[in-house]
Amino acid sequence: MAVTWLARLAAKAPVPVYPAIGSHAQHAVQDLALDPRIQWVRSPRHARILLVAGRISPEFSAALRSVHDQLPGPSATVWLRSTPPAELVNEAVVIDDPQQFSDVAADVYRSLLQGERKGEPDLCPDEPPAPWEGLGDHGQGGKGMMGGKPYGRAMAMTADDLRDGLQLDPLSFSIGPFWPVLPPGFSAHVTLHGDVIAEVEVTSVPYPVALPAVFRQALEKPVPIAELELARARYHLRQLSHALWINGLESSSLAVLQRIHALQPGDSIAGLRSWLRLVGFFFSAGAEKGVLGRDQAEKIGGPAARAAGIALDTRQGDPQYQRLGFQVIYGHGSNCRARWQQWLDEAEQALSLAARAREQAIRTSDCDRVETPRGAMGRGDSPTDATSVLQELLPGLEWSEAIATIASLDLAAVSDYAQEDARW
Amino acid sequence: MELTELATLMTVSIATFIAGLLLIGTPFSKTKPSWPQRAPFLGGGVPDTHAWSRFHVRYYPMTLLLIAFEMEMMFMYPWAVVYVAEGIKALVEMGMFLAILSVGIVYGWREGAFKWQ
């Protein structure tokens, strides 16, 4: 009796959920963070429910199965606009509307804790990944420290090592598509020397990112500049919110997310800037690293290129923007801190342009090209994926610095779908 | 008698030792999580090798640090004996000594002596 009472009490706690994000689902999942009934955890080991949001590419189905099994039992999965695999179809919880998620998750959590719902079975076979069976054909076992893979290791020899020339145990692994810190769909094969990244090979590029519909509409007809610039400010603040979340500043991240939903033209972000300075965000790991070279910046385009000193912005050529007194913001620097400053400056500029444009009801006049927050876009020509830049940029950085660098760059291609499109 | 006390002590300690071993052993008597659950979390990725990596001991920089700050401690031992009798003057003098040595700490910090990688 006490146990059922306790289970009922536990069921009222925030549900620990681990998100496995598919294509076009990043925004919806970020917005769900504002719900106090859900607690996003950073590892599947802390989670009771796995949220699979958005369409998952077939090549990632094995990775999804392994993440699913890493949730300690009894666990459940909620499929948001996604198809469960055959083994789970019978009792799968499939929903279509992100707004329903917290109710459904709370209900599933309660039924798991009270024993009404059995946990889901493992999807991967229950076998050790590399059984040690003595000397074998595949190099298992062997003699002591010089034994074969995966349990033996070579003696320490002088070799190229980014730290100090004594090569000890490079650790290589592939970091997968279902880590919310990285862009969704991004997976890479990484070799570490200690904490320092020695080599990165991108094995899959992130899913194309969906921009707000207003940017595509601007290529067909003149749109109100106020709407365009408000969307731009929201986009950059969203990127900032993600960077804050990565740095562990979760309450600041949520505050920025709430701000995004209530954002109006003419709002000031000076308060946000001084708060970030106070909490030391501009001195966090990686602030001075992630320095882009000239061709890398050109390849990436958008705010990252402008921060690195390339003063190109499609809005310069639009007479309506010139009427509003638009000046290109550029030249902060090529490191992560410069890019964060660029986001803040461009968001602030966008909000003041939006306020002035709304008063005078001004529309864009250039329908050939539009400056999106990701880069310049034309009718047949949208920003392409620039993830290969990471292969030259990340080696030599420590892990935390590399993560901050990836978060400060926007490398995905632009999707044909709009953010508000419910088809995903 | 000391012998009875010793006998009691031995009995209690042996009993506690056995109880402690049983307590520690309880997680290992239940069924362990399955192999897929125990796989390392890499966001869906797979590891290539064992994650047990070797670290440098960095004998030379560690020895330098030891010598510097061990000698600082050596000076503090006789000071600690007479400090209460000598009063505030001794405290201030030791404070100046530590301040000079902390310049060394700051130098080492900026040179990366305290970083593990």
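Predicted model: local features only at pLDDT ≥ 70, side-chain atom pairs only at ≥ 80, totals over all residues.

Q: How many bridges join β9 and β10 of chain A?
A: Strand β9, residues 187–193 of chain A, pairs with β10(A) in the antiparallel sense over seven bridges. To find a point in that pairing, look at Ala188(A), whose bridge partner in β10(A) is Val202(A).

Q: Which way do the side chains of β8(A) point, and are they buried or exposed?
A: A residue is called buried when its relative accessible area is under 20%. Leu171(A), Phe173(A) and Ile175(A) point one way from β8(A), while Ser172(A) and Ser174(A) point the other way, and all of them are buried. Counted as a strand, β8(A) is mostly covered, with five of its five residues buried.

Q: What is the strand order in the open sheet with parallel pairing?
A: That sheet has five strands, and their order in chain A is β2-β1-β3-β4-β5. Its edge strands are β2 (38–40) and β5 of chain A, each of which pairs on one side only. If direction is ignored, neighbouring strands of this sheet are turned by 30 degrees against each other on average. For one pairing in detail, take strand β1 (residues 15–21) and strand β3 (residues 49–53) of chain A, which run parallel and are joined by five bridges; here Ile21(A) stands opposite Ala53(A) in β3(A).

Q: How many helices and strands does chain A have, taken as a whole?
A: The secondary structure of chain A comes to 14 helices and 14 strands. Its radius of gyration is 24 Å, close to the 22 Å that the globule rule gives for 424 residues, so chain A is as compact as a globular protein of that length. Along the principal axes, the C-alpha atoms of chain A fill a box of roughly 75 × 65 × 45 Å, and buried residues make up 54% of the 424 residues in the chain.

Q: How should I read the charged pairs, and how many salt bridges are found over all chains?
A: The general idea is that side chains of opposite charge can pair when their charged atoms come close. A search of the whole structure finds 22 salt bridges over all chains. In one of them, the side chains of Glu87(A) and Arg65(A) meet at 3.0 Å, N to O. This pair links distant parts of the chain, 22 residues apart, with Glu87(A) in the loop between β4 (76–80) and β5 (93–95) and Arg65(A) in helix α3 (residues 61–70). Glu87(A) counts as partly exposed because its relative accessibility is 42%, and Arg65(A) likewise counts as partly exposed, at 24%.

Q: Where do Asp416(A) and Arg216(A) lie?
A: These two residues form a salt bridge in which the closest N and O atoms are 3.8 Å apart. Asp416(A) lies in strand β14 (residues 414–418) and Arg216(A) in helix α5 (residues 213–217), so the pair ties together parts that are 200 residues apart in sequence. Asp416(A) counts as exposed at 66% relative accessibility, whereas Arg216(A) counts as partly exposed at 27%. Salt bridges can also share partners, and such bridges join Glu229(A), Arg232(A), Arg306(A), Asp313(A), Arg315(A), Glu346(A) and Glu371(A) into one network.

Q: Which residues of chain B form a nonpolar patch on the surface?
A: The patch is formed by Met1(B), Leu3(B), Leu6(B), Leu9(B), Met10(B), Ile14(B), Phe17(B), Ile18(B), Leu21(B) and Leu22(B), which together have about 1,100 Å² of accessible area. Leu9(B), one of these residues, is found in helix α1 (residues 2–29) of chain B. With a relative accessible area of 56%, Leu9(B) is exposed.

Technical notes:
Residues numbered from 1 in each chain as written. Chains lettered and ligands numbered in written order. Heavy atoms only, no water. Patch = residues over 30% accessible without salt bridge, like charges linked within 9 Å, V, L, I, M, F, W, Y side chains within 5 Å. Areas by Shrake-Rupley, 256 points an atom, 1.4 Å probe, with all protein chains shown as cover. Salt bridge = Lys/Arg side-chain N within 4 Å of Asp/Glu carboxyl O. Helix = DSSP H or I, 4+ residues; strand = E, 2+ residues; numbered from the N terminus. Buried < 20%, exposed > 50% of the residue type's maximum accessible area, 1.4 Å probe, protein only. Pairing = 2+ DSSP bridges. Rg over C-alpha atoms; globule rule 2.2 N^0.38 Å. Axes fitted to C-alpha atoms, helices over the stretch in contact; angles between N-to-C directions.
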